[in-house]
Amino acid sequence: MKKVILTLVATMAFAGICAQNPYKKYTENLPFPMPEVKAPVFPETKLNVQDFGADPTGTQLCTEAFAKAIDTLYGMGGGHLIVPRGVWYTGPILLKSNIDLHLEHGAIIRFAADESLYPIISTSFEGLETRRCQSPISAVNATNVAITGHGAIDGNGQYWRPLKRPKVTDTQWKTITSQEGGVESKKGYWVPSEGYAKAEEKARMNVPKASSEEEWEEIKRFLRPVMVSIVGCKNVLLQGVIFQNSPAWNIHPLMCENVIIDDILARNPAYAQNGDALDLESCTNCLIVNSKFDAGDDGICIKSGKDADGRKRSMPCQNVVVDGCTVFAGHGGFVVGSEMSGGVRNFKVQNCQFLGTEVGLRFKSTRGRGGIVENIFVDGISMMEIGTVAIIFNMYYGGKSEAELLELGIKTNNTGIQPINEGTPIFRNINISNVSCNGAGKAMEFNGLPEMPIDRINLKNITIRAKKDATFDNCKNIKQENVKITIDK
């Protein structure tokens, strides 16, 4: 009897350990208050998408099968939609509350290269209210949403994206530009349709303009969507899956609460225009952990809306932990901005490595954005072969990457003082410690506004080998402790 009781106690103890939140450790001992973040829990119900007529060969559209399966599972109260091994060729997938889209080993969801499958919707892109094509995967105002497993999701991005000749090999250029309907709108710059070229002429950067439904349809290919769009959702989990080859941004949680991104790989070709790996925008209470990013633009990017639209939304990106992540390529490893008009605050970025990114830690804004970026704590970052600047704060961002600015010889500072107003960005209480960088074009560049200097910069235990030293312009209250910079001769 005693042995039975001991066995029962041991079993109960083990169950208690298993019931503990594995993500609790990330919100302990933070330099700012943040509630515990838990993964969503789903009913045990499981449905297989193949039972709804989905074809695993990659030759038949599965759009209707995914929709029927999701509607059925939702009607049953939720659960797990199983995607087994195979190639599942489909149009848009719309997730609903209490549904986990679970990809088994060997499962590939590939989105169709057919713009007619993606209706034009009202949405937000690059911080502005606009219209785009519906995203390949989306969820709107849902609670308990997940994409998990061991498979891969491919956005067929080459169908949508423009291409710059210097960024690709001869073979890549020949292959991609052979797509029907594409044109070289200017020498060395190919776009996938004449409508795309027309839209780009009128666009405000990547935000289009059109005066009628007919014109919107004409420029539809320009309205390339983010691949995974999670908007206004609560309790979101992305875990274990490969997200790749997106039309525009790869993963875009917008105005969400309680988001966990764990052990994913988000990747795009190095030549992917606007191919950000992750853009977390106006979200609260988020964990980005143990994940890998490899992109043609920014790796892990934090946003909160742009200019007047962002200030009107007034939703900061806040209470976020980034831990144990790797960024292989891209314009920046960890990036804030430039769309940060709603504010960014309470961030802990730790135990990360940036391998060959253009910039390591990248903070960018400009006059007119407004917003406050504060309480940023970066600790334990390793970098190597950083193309331009290891750590940069640039308050004069104009849409070009640091490499492009360097190539063009453009200096981004402007010493003329301008009036302080709602469009003046504020950066303060920036804490960076225990950083090691082996190889960079420049060690650090803090480039603030004369009317609003970057305030309270704490740098501790930083070792950087670079071609150029650190510079601090329009900054105040800088504290440096054990900062060592070795200049390559």
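Residues are called buried under 20% relative accessible area, exposed over 50% and partly exposed in between (1.4 Å probe, protein chains only). The model is predicted, so local features need pLDDT of at least 70 and side-chain atom pairs count only at pLDDT 80 or more, while totals for chains, interfaces and linings use all residues. Residues are numbered from 1 along each chain as its sequence is written, and side-chain values use heavy atoms, with hydrogens and water left out.

Asn98 sits in the loop between E5 and E6 (strands are DSSP runs of E, at least two residues, and helices runs of H or I, at least four, numbered from the N terminus). Asn98 is not a glycine, yet its phi is positive, about 65°; with a relative accessible area of 25%, Asn98 is partly exposed. Asn482, another non-glycine residue, has a positive phi near 55°. Asn482 belongs to strand E35 (residues 475-487) and is partly exposed at 43%. As a rule, most residues other than glycine have a negative phi, and most peptide bonds are trans. The bond from Gly337 to Ser338 is cis, with omega near 5°, and Ser338 falls in the loop between E28 (334-336) and E29 (344-355).

Then there is helix H2, with 13 residues (63-75). Ala65, Phe66, Ala69, Ile70 and Leu73 are its buried residues. Viewed down the H2 axis, they fall within an arc of 125° (taken from the directions from the axis to the C-beta atoms), so they line one face of the helix. Glu64 and Gly75, on the other side of H2, are exposed. After H2 comes Gly77, with a positive phi near 100°.

Notes
Expected span 1.5 Å × (residues − 1).
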